[in-house]
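Good morning, and thank you for coming. Please look at the structure on the screen while I describe how its parts meet.

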Amino acid sequence: MGLRKRFMSTMLIASMAATLFGCGSASSDSATESAQVAEEAKANGADVAQAVIDARKAKAEETGEYQKVIVSFFDWTGAPAGIDRINEAISEHTRETLGLDVELMIIDSAAYSDDIKLMLSSGEQVDLFSTCGPGYMTCVNNGYTLDLEEDDLLATYGAELKNLIRADYLDACRVGGVLYGVPPIKDYAIQTATILVGTEYLEGAGYDVSKFEKDELGYYKATWDDVDEIFAAIHKAFPDKTVFSTQDNLLTQGSCVDNVAGDYYGTLLDPANSLKIENVYESDLFKEWAERAYAWNQAGYISGDAMSDKTGASARIKSGSFMAMMSQSKPAYQNQINGECGRDMTIFDVGEAFMSSSAVSSFPWCINQSTEDPIAAMQVLTALYTDPEVANLVCWGQEGVEYKVNSDTSINWADGVNADNSEYYPNVLWMMPNQYAAHVWEGDPIDVGQQTADFNDNCAVKSKALGFTWDNTDYSAEFTALKNAYEEFSGQVVYGFVDPKTGLKELNDALYAAGLQDYMDAKQAALDEWAAENGIK
Amino acid sequence: MKDEKKFQIFAHVVLIILSLLAILPMILMLMSSFTDNDVLIAEGYKFIPSKLSTYAYEYIFNTGNSVIRAYGVSVVLTTVGTCLSLAITTMLAYAISIKDLPGKKWITFAIVFSMLFNGGLVPTYMVYTNIFNLKNTFFALLFPGLMMNAFNIMLMKSYFVSSIPSEILDAAYIDGASQTMTFFKIVVPLSKPIMATVALFAGIGYWNDWMNGYIYITKRTELYSVQNLLNRMMQNIQFLSQSSSNVQNANAGLSAIPLASVRMAMATVGILPIIIMYPFVQKYFVKGITLGGVKG
Amino acid sequence: MSGKTKSENEKKNLKRRLKKYFPIYIMALPGLIYLFINNYMPLPGLILAFKKYNARKGIFGSDFVGFKNFKYLFATRDAFVITRNTICYNLAFIIVNTILAVFVAILIAEMTSKWKKVYQCLILLPYMVSMVIVSYLVYGFLSNDNGFINNTILPLFGADPVQWYMEKKYWPFFLTFVNAWKVIGYNSIIYISTILGIDRGIYESAAIDGASKWMQIKKITIPLLKPTVIMMTLLAVGRIFYSDFGLFYQVPQNQGSLFAVTNTIDTYVYRGLLELGDMSMSAAAGLYQSIVGFILILAANYSVRRINPDSALF
């Protein structure tokens with residue numbers, strides 16, 4: 001045994017040394033230089049940000065090589081064919097404006113989450129990255145992200161960015177008071193509980209929709225009773241088709257229940273007015289849904305395979321054997337859903353507009369804590385949000401190659417280009433730092449940016465806990481148990497395969513046995529503390 | 001002899017049943033890949049679908065990345081990987097099959113230990129990228145994880161111990177044959193069955209692997225192997241269909257991807273070459289080992 | 001005195017053997033180097049299981065948290081179920097797969113017809129298909145509304161459709177079947193190669209002595225397969241706390257009502273870690289599985305060595 005021990009420890013030491021040796025990557029001096037220049041400029045009272053840029057340019061002139069900032073995010077196909085050309089085009093511009101090169105490192109969605117975590121853990125160069133994929137809280141908890149306000153980084157080098165984003169949206173991204181990321185500018189609010197029914201089925205059933213009033217987004221305002229009536233009508237007219245294409249989205253898309261801190265184990269049932277953490281699975285809201293789903297199932301509106309069929313709800317409607325689904329909507333939703341479902345859909349708005357506490361902080365852009373030059377990274381981040389030239393290149397590629405500009409400044413494919421053969425078409429506009437700094441695609445309203453901002457501002461139910469985040473690592477055992485308990489007992493309730501009387505009890509018993517009460521108590525304590533700190537009652 | 005005949009008939013019957021069991025689901029897979037996507041969702045997976053479509057294959061072969069080139073990468077990777085793997089596995093396994101080799105026990109222990117414990121993804125990644133700089137190179141597909149494994153070594157060692165009589169080796173030694181000569185002239189020719197087996201296993205491992213490409217290839221898409229490419233495509237469209245509520249108007253075309261049939265078509269594309277090449281490779285391979293043994 | 005000469009003799013003997021086998025060490029070297037790089041250099045990373053990972057501090061600099069990362073594996077009422085499922089399925093797989101693989105191997109190896117290559121290739125095919133695809137094929141058979149069994153097979157016998165994905169009792173059988181279906185071809189190759197390595201002369205002389213085919217298989221083939229079977233079983237015992245994630249998560253379509261018979265350590269851990277993304281916790285789960293496997297393999301190896309030293313791993 002002694003020999004074995006010695007053998008093992010020798011192995012360990014040798015390999016540890018090798019691993020450590022490998023980790024000590026050669027660090028360039030650009031960071032210290034930037035910092036030095038900044039110090040001097042500050043002392044002289046000059047424009048610090050510009051001084052740093054000038055210094056970078058001067059150095060590049062000397063060495064003939066520009067410092068590089070790497071920006072990583074995902075798309076659907078991996079590095080696009082034209083990536084080098086786009087990088088060169090962006091760099092050509094940023095050499096002038098910022099005195100550095102920018103490289104986009106685009107990884108496909110399948111691999112991004114793992115790849116970015118590996119790169120951030122191993123000290124490879126990635127300066128800026130989107131947390132869409134690995135998740136913002138995961139990145140913060142693992143220590144991947146830089147404090148953006150360290151040494152006044154944001155105020156000094158990202159002043160324009162700071163002005164662009166509303167202070168309460170920035171605050172929404174703070175974790176423990178520290179700002180680790182900047183949210184992409186997009187629609188944060190959602191129109192909850194939208195019921196979509198194929199128009200042809202409504203017509204086939206002779207159902208008259210003109211009795212409904214329209215809401216501010218132009219969709220029919222309806223109640224759950226109306227929905228029951230509609231379902232009954234189309235079921236009668238098309239008995240061979242399944243009425244309702246299910247997905248487990250009641251809480252996420254169908255209600256104004258706030259999943260504070262990112263999960264539904266302890267929620268705010270009335271997020272606009274109260275900060276009391278409650279168990280949503282015991283609430284009237286969930287009970288009503290369970291009863292509704294059970295009634296629908298009994299009436300034959302739901303497929304017997306609802307629990308095991310993992311096909312997307314809209315894909316099933318497209319297949320022609322399903323007629324209706326529930327989703328969330330937003331401005332300019334009609335075209336999109338028609339395309340997804342392969343037919344004209346009639347939109348019924350049953351819920352309210354809602355902005356949850358985590359809506360803004362779902363996937364902010366972050367700076368890698370191990371970046372060699374935080375100043376340069378912050379300046380590039382700012383350019384991504386505020387420089388239309390950079391934003392256009394990142395979102396749409398090059399004018400004349402990927403797209404052409406119409407007379408009203410909207411854009412469309414350049415001649416002979418389409419989604420399949422374009423050399424640069426990341427197609428992740430919603431993840432982009434600021435899609436509204438770039439052109440608008442033909443067919444969308446030119447003022448879509450303003451419309452979206454209004455939609456966010458006018459949202460009826462805005463969570464009081466907006467900006468509250470909670471690190472649940474100390475409760476990971478409970479979380480794992482809760483997740484397993486939920487997946488074991490929720491499906492049959494949500495899809496109406498079990499009488500709510502027994503189903504809800506089973507689910508709640510399992511959740512409490514998995515430690516729901518402790519978990520909720522801990523969440524409540526953290527929320528109370530946060531509310532006290534931020535003066536929210 | 002009657003006995004023998006009875007056995008042969010029995011074996012045929014059983015194997016035909018087992019083969020049918022094995023390939024019936026494969027046929028279902030093949031048929032689904034040629035089924036219209038909407039029909040597949042509406043009517044389920046059928047041996048005789050109501051509407052045929054080749055759209056899934058058109059989709060796979062027409063989108064951006066070249067499947068043909070990915071086949072090329074896979075073939076080169078599998079060939080090179082199998083040869084290297086077979087070489088180092090055989091030599092190491094032979095060493096630990098020798099009864100009185102000093103340190104044999106420790107080496108064997110180290111091998112079995114490596115099968116049970118591993119440092120995890122991040123440390124392994126750091127070793128290969130930070131120390132060996134393999135990221136975005138062909139070698140990143142070749143080296144990490146696949147080249148040798150404890151299972152194959154133990155398998156081979158067990159064969160050497162049980163099927164190569166130590167008397168032959170002793171006799172060779174007494175005759176003055178060097179250790180290397182004994183290995184190439186006696187051990188290798190006597191070990192054809194196990195070498196073919198281990199080569200097959202290593203080959204399957206390389207052909208089926210997508211993990212290495214997934215982790216180590218972030219920039220050079222021309223280094224995608226078939227399985228890696230197909231896996232990425234599949235996961236991407238899956239992800240895309242899940243986050244469709246975020247996708248913009250201009251992308252309506254993308255939501256038309258026939259996910260269900262493409263999935264089946266991809267699986268077919270991934271294993272078809274194996275069905276075609278299996279007999280040739282097997283034949284050629286056994287020959288190759290024989291030659292190697294004779295040449296010494 | 002005699003002790004000293006003995007050890008001197010041993011030393012001399014060792015020296016002689018080292019010299020004799022020097023070329024063997026050189027031959028083993030590439031494999032050993034690979035083993036060191038691929039398996040041992042990342043090994044210090046195991047320490048993550050006892051730390052709270054923070055990229056700022058690095059793997060070795062992160063704070064120690066003791067056994068906290070292991071808590072979630074035990075502090076749950078599911079701990080018993082997932083452990084039981086993992087072990088029982090593995091034991092069932094070991095037994096079923098070994099018997100079937102040996103059976104198939106004997107049939108193929110003893111077959112004289114050219115068709116044996118075709119059979120071998122066909123039976124191997126399922127191994128080449130990923131579990132995700134298998135899960136959809138299984139769904140094609142078992143789906144409630146559109147499944148092949150409910151729509152075509154059961155009506156033949158006039159039986160009522162069964163809600164397969166809701167009935168726990170069938171799944172231990174389904175999972176064992178799917179697993180066997182997938183790996184039998186692969187495993188049988190191992191035994192085929194062993195049978196091909198057997199000296200044919202033994203069979204011929206047995207045949208001359210009038211031994212029937214069955215007797216030959218029983219008295220020659222099976223005993224000679226025993227060392228390989230033992231070794232395969234020992235290796236499988238080392239992985240008894242692991243489970244094929246795809247088989248237990250994807251094939252039952254992550255169906256809640258089946259958890260009592262499908263939840264294993266790997267699927268349980270996955271559901272939590274998918275969202276937590278915590279490296280330390282996944283390291284802890286891996287280490288727990290490894291250590292149990294390691295202890296079991298040492299114990300099993302020890303008992304095998306007492307009975308039959310040649311079959312032991314080390």
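Which residues have the most contacts inside the largest nonpolar core? They are A:Val197, A:Val380, A:Leu381, A:Leu482, B:Ala95 and C:Ala105, in a core of 337 residues. The model is predicted: local features need pLDDT of at least 70, side-chain atom pairs count only at pLDDT 80 or more, and totals for chains, interfaces and linings use all residues. Residues are numbered from 1 along each chain as its sequence is written, while chains are lettered from A and ligands numbered from 1 in the order in which they are written.

By nonpolar core I mean buried Ala, Val, Leu, Ile, Met, Phe, Trp, Tyr and Cys residues joined through C-beta atoms within 7 Å; buried means that 20 or more other C-beta atoms lie within 10 Å of a residue's own, with C-beta atoms placed from the backbone. Helix α5 (residues 79-109) of chain C gives the most to this core, 11 residues; helices are DSSP runs of H or I, at least four residues, numbered from the N terminus. Domain 1 (190-355) and domain 2 (473-533) of chain A both contribute residues, so the core lies between them. These bounds come from an automatic or database domain assignment.

The C-alpha centres of domain 1 and domain 2 of chain A are 24 Å apart. Their contact (C-beta atoms, placed from the backbone, within 7 Å) takes 22 residues from domain 1 of chain A and 22 residues from domain 2 of chain A. On the domain 1 side, helix α13 (residues 284-298) of chain A gives the most, with 7 residues.

Finally, 37 residues of chain A are in contact with 35 residues of chain C. The largest share of the chain A side, 13 residues, comes from α19(A).

Key
Buried ≥ 20, exposed ≤ 12 C-beta atoms within 10 Å, placed from the backbone. Helix = DSSP H or I, 4+ residues; strand = E, 2+ residues; numbered from the N terminus. Contact = placed C-beta atoms within 7 Å.
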